[in-house]
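Me: I have a model open and want to go through it with you. Can we start with how the elements are assigned?

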Amino acid sequence: VLYKESVGTGTPTPITPEMERVKRNQEICSSVFAKKKHVLYKENVGKVTPTPITPEMERVKRNQEIISSVP
């Protein structure tokens with residue numbers, strides 16, 4: 001990612017105990033969610049429905065690759 005050099009200066013904000021607490025809580029919530037998601041995935045392994053590759057799916061896949069390759 002390239003940033004503009006002409007953007008002005010920012011105002012640094014001190015890291016307060018409240019900000020530290022919120023950051024810690026977000027990390028905890030994220031790790032709990034990731035564990036739950038992993039458990040849910042593990043329980044559903046083997047319960048998939050194969051889908052045929054249709055011309056429409058091929059077209060969408062090509063378009064996504066083209067969009068992803070644009071800088």
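Reply: Helices here are DSSP runs of H or I, at least four residues long, numbered from the N terminus. Note that this is a predicted model.

Me: Fine. How many helices and strands does the protein have?
Reply: Two helices and zero strands. Helix α1 covers residues 17-43, and helix α2 covers residues 55-69.

Me: And how many salt bridges does the structure hold?
Reply: Two. Glutamate 18 pairs with arginine 21, at 2.6 Å from N to O. Arginine 59 pairs with glutamate 56, and there the closest N and O atoms are 2.5 Å apart.

Me: Where do arginine 59 and glutamate 56 lie?
Reply: Both are in helix α2, three residues apart, about one turn of the helix.

Me: Why can glutamate 18 and arginine 21 reach each other?
Reply: They are three residues apart in helix α1, so about one helical turn separates them. In general, side chains of opposite charge can pair when their charged atoms come close.

Me: What about accessibility for that pair, glutamate 18 and arginine 21?
Reply: Glutamate 18 is partly exposed at 45% relative accessibility. Arginine 21 is also partly exposed, at 37%.

Me: Changing topic: what percentage of the protein's residues is buried?
Reply: 0% of the 71 residues. Buried would mean under 20% relative accessible area.

Me: What does the accessible surface come to?
Reply: About 7,500 Å², with 63% of that belonging to carbon and sulfur atoms.

Key. Residues are numbered from 1 along each chain as its sequence is written. This is a predicted model: local features need pLDDT of at least 70, side-chain atom pairs count only at pLDDT 80 or more; totals for chains, interfaces and linings use all residues. Side-chain values use heavy atoms; hydrogens and water are left out. Buried means under 20% relative accessible area, exposed over 50%, partly exposed in between (1.4 Å probe, protein chains only). Accessible areas come from the Shrake-Rupley method with a 1.4 Å probe; for residues, only the protein chains shown count as cover. A salt bridge is a side-chain nitrogen of Lys or Arg within 4 Å of a carboxyl oxygen of Asp or Glu.
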